[in-house]
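Student: I have a new structure to read. Can we go through the terms step by step?
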Amino acid sequence: MNRDEQYMRRALELAEWGRGAVSPNPLVGCVIVHEDAIIGEGYHQQYGEAHAEVNAIHAVENQELLKEATVYVTLEPCAHFGKTPPCANLLVEKNVKKVVIAAVDSNPLVGGKGIAILKKAGIEVETGCLEKAARWQNRRFFTSIEKNRPYIILKWAQTRDGLVARNDFSSKWISNAQSRQLVHKWRAEEDAILVGKNTAFYDDPALNVRDWVGKNPLRLVIDRQLSLPKELKLFDQAVPTVCYNQKLDEIKANLEFKKISFDSIVHEIVSDLQERKTQSLIVEGGPFVINQFLEAELWDEARVFTSQNKFEMGIKAPFMNQMPSEQIQIQSDQLAIYYHV
């Protein structure tokens, strides 16, 4: 690993600290180096607040050093006025010597414009340092921009005989406590979470982040005929929730009933989420809903827990027609992670 990669690796580490707090913005980290010493660091901490470059520059005690400094940033500096002023302009104002960028921003509002501003001001610019790692870190952002949809994660737990529930739809608990806590961590990292009518009715899930620290995702439930009891936790109005149905358009406090046609339900939901600037979605079940996403090839990642429990008879788990990319042992559970190929 050369020096540029070393500093960019640090910038990627910093960017990760913003996960779960900056969407729909991307994760961005920034490191400022003068004579082979880090003089400033920063990352985008909260949506609507200062960007990584601003925080890193503010961390530099002697601002005069910026004129001879190299700025390492994981994503092309923004060039437009949004919630905050353009970072490219700030770097020009500070007259930094060089900017090393991991990934070019494919957002049409930026897309090379930040680089152009820097070069026009005479600042040396390099791109592509750890680009693959930077794009992977921001795969939710790039999916939203380039595919015009959220990054979609399918998640379920199954017994070792391949079942997700008993014949009476009961399923508690297939996975162990540590696996369930990991799921709460994932929820805090993503924008939205979806379940179907049967999962909502038989499991009565809260779909919140009880066992982790972080924000609750937007809760989504499919209830075509509005037949679910309103006493369910999903309708408690404690967390923003959308109920997709075929009968009613209505907005209450933290509870929206969204009418859709159900002609192509997964595409309709995904399109609605894109309009809401939702960058990522966890589909937690049940198997009928997950299979619809699989059949439409509308998924990016699948996370499947397999426990040592056996039900003998029950509802079959979705079938993955490929080998997992990763397998992780979590106490008695095995977690298999698949990436759509």
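Student: How many aromatic pairs does the structure hold?
Tutor: The structure holds 8 aromatic pairs. Rings of Phe, Tyr and Trp (its six-membered ring) pair if their centres lie within 6.5 Å. The model is predicted: local features need pLDDT of at least 70, side-chain atom pairs count only at pLDDT 80 or more, and totals for chains, interfaces and linings use all residues. Residues are numbered from 1 along each chain as its sequence is written, and side-chain values use heavy atoms, without hydrogens and water.

Student: Why is the pair of Trp-17 and Tyr-43 called edge-to-face?
Tutor: Planes under 30 degrees apart count as stacked, over 60 as edge-to-face and the rest as tilted. The ring centres of Trp-17 and Tyr-43 are 5.5 Å apart and their planes stand at 90 degrees, so the pair is edge-to-face.

Student: Which domains does the chain have?
Tutor: The domain assignment, automatic or from a database, gives domain 1 (3–138) and domain 2 (149–339). Their C-alpha centres lie 35 Å apart.

Student: What makes residues of domain 1 and domain 2 part of the contact?
Tutor: Contact means heavy atoms within 4.5 Å. Domain 1 gives 6 residues and domain 2 gives 8 residues.

Student: How many salt bridges are counted between domain 1 and domain 2?
Tutor: The count is 0. A salt bridge needs a side-chain nitrogen of Lys or Arg within 4 Å of a carboxyl oxygen of Asp or Glu, and between domain 1 and domain 2 the count of these is 0.
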